[in-house]
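Please read it alongside the sequence and the coordinates.

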Amino acid sequence: MSHDNLSQYPVIPDRHVPPSDNLGDVDDRFVFDFHSYDDLEDGQRWSTWLSVEPLSRGPEPLPDWVVTSQGAIDTELGVLKTGKEADVHLVERADPLDLTAGVVMAAKRYRSSEHRSFHRAASYTEGRSMKRSRDERAVKRKSTFGRQVAAGEWAVSEWAALVRFWNLGLPVPYPVQIDGTEILMEWITVVGEDGTVQTAPRLAQTRPSPELLASYFEQLTDALATMVQNGVVHGDLSAYNILAAGERLVIIDLPQIVDLVGNLNGMTFLQRDCANICGWFRSRGLDVDEHALFGELMAHAF
């Protein structure tokens, strides 16, 4: 084709490409900052906050210390406590590119089916039902699959109890999230004499003053009253699963909570909780009676 023939076609100007440093014409919705993260080290994992379902995250409103950044990293800090059913670890969740946000949490991990057993588990689970009958049959047969299901069921049971009690205003650790058989929750701490942050001691390890002892008993009475008003019993309450965080108490270890009416052993468990608590307070010099406490709680229940 000759140049003369080309003249009949319109001239198409060259496509304008703005300089790479000129983003003035770019819609702000398509502009974002990009930061690269270093590879993870041993004992680290990416935060699982966004990988779990919304119902597996803690109740709203979230405390301001909860880290939700997608770039956050979970770092293992060590074992806090070992037990027959579960071990509790300390895990730090922090975004390495945001040094102002970071938190240390307690990670309760239920043991595998080969290394765990619940004392009197059948009496605690009386009246409970599972979503799938296949799972329930496997648990009753105590098969390998059934033991795996049971581990998950106990974790789910404690998670549900933590969420329920937190929403009721009861003194329990804030439940951050559940992922399989791992529950991440608030780490209850106190400041030691040397100024360092330490795990709050169990009530059994303390020697409170008479005034604080009376305050502790009043706090527990109020908490137990709220529980029975809502039809539940801790089921294994003692000075060993209550933390003394300064002047306040925090109740822990909740996988075995039972329905006060639906469980045939509900009243028996409540009586035992009252006896355990009053026995410890009497040993510290407070004149309390488990029968009087039980009667007071029954007045709240019915």
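## Aromatic rings

Trp65, Trp166 and Tyr174 come together as one aromatic cluster in this model, which is a predicted one. The structure holds four aromatic pairs, and one of them is made by Trp166 and Tyr174, whose ring centres are 5.0 Å apart with the planes at 75°, so that this pair is edge-to-face.

Another kind of ring interaction involves Trp49, over the face of which Arg57 lies at 5.4 Å from the ring centre.

## The S5–S6 hairpin

Strands S5 and S6 pair in the antiparallel sense over four bridges, and they form a hairpin with two residues between them. Gly180, which sits in the turn, has a positive phi of about 70°. Across the pairing, Pro175 stands opposite Met185 in S6.

Strand S5 is mostly covered, in that four of its five residues are buried. What is the relative accessibility of Gln177? Gln177, which is found in S5 (residues 175-179), has a relative accessibility of 1% and therefore counts as buried, the limit for that class being under 20%.

## The surroundings of Gln177

Leaving aside neighbours within four places in sequence, Gln177 is in contact with Thr48, Trp49, Val52, Ser56, Arg57, Arg93, Trp159, Glu182, Ile183 and Leu184. This list includes Trp49 and Arg57, the two residues of the charge-over-ring arrangement described above. It also includes Ser56, and the C-alpha atoms of Gln177 and Ser56 are 5.4 Å apart in space although the two residues are 121 residues apart in sequence.

Which side chains make polar contacts with the side chain of Gln177? One is the side chain of Thr48, at 2.7 Å, and another is that of Arg93, at 3.0 Å. Arg93 itself is buried, with a relative accessible area of 0%, and this residue also takes part in the charged pairs considered next.

## Salt bridges

The structure holds nine salt bridges. Arg45 forms one of them with Glu182, the closest N and O atoms being 3.0 Å apart; because Arg45 lies in strand S1 (residues 44-46) and Glu182 in strand S6 (residues 182-186), the pair ties together parts that are 137 residues apart in sequence. Arg45 counts as partly exposed at 25% relative accessibility, while Glu182 is buried, with a relative accessible area of 9%.

Asp74 and Arg93 meet through their side chains in another salt bridge, with an N to O distance of 2.7 Å. Asp74 belongs to strand S2 (residues 73-82) and Arg93 to strand S3 (residues 86-95), so this pair ties together parts that are 19 residues apart in sequence. Asp74 is buried, with a relative accessible area of 2%, and Arg93 is buried at 0%.

## A network and a further pair

Which residues are linked with Arg45 and Glu182 in a network of salt bridges? The network is made up of Arg45, Asp74, Glu76, Arg93, Arg109 and Glu182. Gln177 is in contact with two residues named there, Arg93 and Glu182, and in the case of Arg93 a polar contact of 3.0 Å joins the side chains.

A salt bridge between the side chains of Glu158 and Lys108 has an N to O distance of 2.9 Å. This pair links distant parts of the chain, since Glu158 is in helix H4 (residues 144-167) and Lys108 in strand S4 (residues 98-110), 50 residues apart. Both partners are buried, Glu158 with a relative accessible area of 2% and Lys108 with one of 8%.

Key:
Residues are numbered from 1 along each chain as its sequence is written. This is a predicted model: local features need pLDDT of at least 70, side-chain atom pairs count only at pLDDT 80 or more; totals for chains, interfaces and linings use all residues. Side-chain values use heavy atoms; hydrogens and water are left out. A salt bridge is a side-chain nitrogen of Lys or Arg within 4 Å of a carboxyl oxygen of Asp or Glu. Buried means under 20% relative accessible area, exposed over 50%, partly exposed in between (1.4 Å probe, protein chains only). Contact means heavy atoms within 4.5 Å. A polar contact is a pair of N or O atoms within 3.5 Å; within protein, one must be able to donate a hydrogen and the other to accept it, and residues adjacent in sequence count only if both atoms are side-chain atoms. Rings of Phe, Tyr and Trp (its six-membered ring) pair if their centres lie within 6.5 Å; planes under 30 degrees apart count as stacked, over 60 as edge-to-face and the rest as tilted. A charge sits over a ring if NZ of Lys or CZ of Arg is within 6 Å of the ring centre and within 35 degrees of the ring normal. Two strands pair if DSSP finds at least two bridges between them.
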